[in-house]
Amino acid sequence: MISFKVENLSEMNDSLKEFLDYLEQLNVDDDALFDSRLVCCELISNVLKHCHETANFKGAIVGDEIVIGVSSDTAFDGELHPSLPDVLSECGRGLYIVNAISGGNVRFEGNKIIVKLKLG
């Protein structure tokens with residue numbers, strides 16, 4: 001398992017490199033690497049942008065899935081709808097993409113969002 005904290009967008013890519021290297025060492029295919037990076041970026045940036053807090057990241061391979069968890073220090077106050085947003089909507093597209101990529105395997109637990117991606 002890889003875990004780290006991200007305090008701002010400028011350090012997100014450097015922090016994610018450790019997780020992506022971990023996945024590559026376990027021979028995860030390029031499509032799953034791409035999807036994992038996309039999911040991680042969307043979830044981390046959501047915490048930074050909407051919660052205005054440090055994003056806490058945990059990621060691992062469990063069985064035949066890549067499990068990604070991102071949380072903030074406090075519970076999100078609002079509704080999260082990973083459904084298709086209005087075409088002109090300014091928000092909600094990221095969670096829609098994450099939901100679509102994961103096949104709907106998104107779970108919210110208070111201050112944490114957990115996404116599971118199937119391996120090839």
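The legends below describe close-up views of a predicted model.

Local features are given only at pLDDT of at least 70 and side-chain atom pairs only at pLDDT 80 or more, whereas totals for chains, interfaces and linings use all residues. Numbering starts from 1 along each chain as its sequence is written, and side-chain values use heavy atoms, with hydrogens and water left out.

**View 1. The fold comprises 3 helices and 5 strands.** Along the sequence, the elements follow the pattern β-α-α-β-β-α-β-β. Helices (H or I, at least four residues) and strands (E, at least two) are DSSP runs, numbered from the N terminus. Of the 120 residues, 40% are buried (under 20% relative accessible area, with a 1.4 Å probe and protein chains only). Contacts are heavy atoms within 4.5 Å; of those with a separation of 6 or more, 58% join residues 24 or more positions apart.

**View 2. The largest nonpolar core has 32 residues.** Such a core is a set of buried Ala, Val, Leu, Ile, Met, Phe, Trp, Tyr and Cys residues joined through side-chain atoms within 4.5 Å. F19, L43, I44, I68 and V70 have the most contacts inside this core. At least two residues each come from β1 (2-6), α1 (12-25), α2 (30-51), β2, β3, α3 (93-101) and β5. Helix α2 gives the largest share, 10 residues.

**View 3. Surroundings of I68, with neighbours within four places in sequence left aside.** I68 is in contact with F19, S36, V39, C40, L43 and F57, among others. The list for I68 also includes K58, G59, I113, I114, V115 and L117.

**View 4. V6 lies in strand β1.** The relative accessible area of V6 is 0%, so V6 is buried. Not counting residues up to four places away in sequence, V6 touches E11, M12, S15, I44, L48, T54 and A55. The C-alpha atoms of V6 and L16 are separated by 9.3 Å, at 10 residues apart along the chain.

**View 5. The second largest pocket holds about 210 Å³ of space.** Of its 14 lining residues, M1, K58, G59, G69 and K112 are the closest to the centre. On a 1 Å grid over the protein atoms alone, a pocket is an open set of points where a 1.4 Å probe fits, with protein on both sides within 12 Å along at least five of seven lines; lining residues have an atom within 4 Å of a point. Grid points are joined across faces, edges and corners, and the volume is the space filled by probe spheres set on the points. Strands β2 (55-62), β3 (65-71) and β5 (112-118) each supply at least two lining residues, and β2 gives the largest share, 6 residues.

Notes: Buried means under 20% relative accessible area, exposed over 50%, partly exposed in between (1.4 Å probe, protein chains only).
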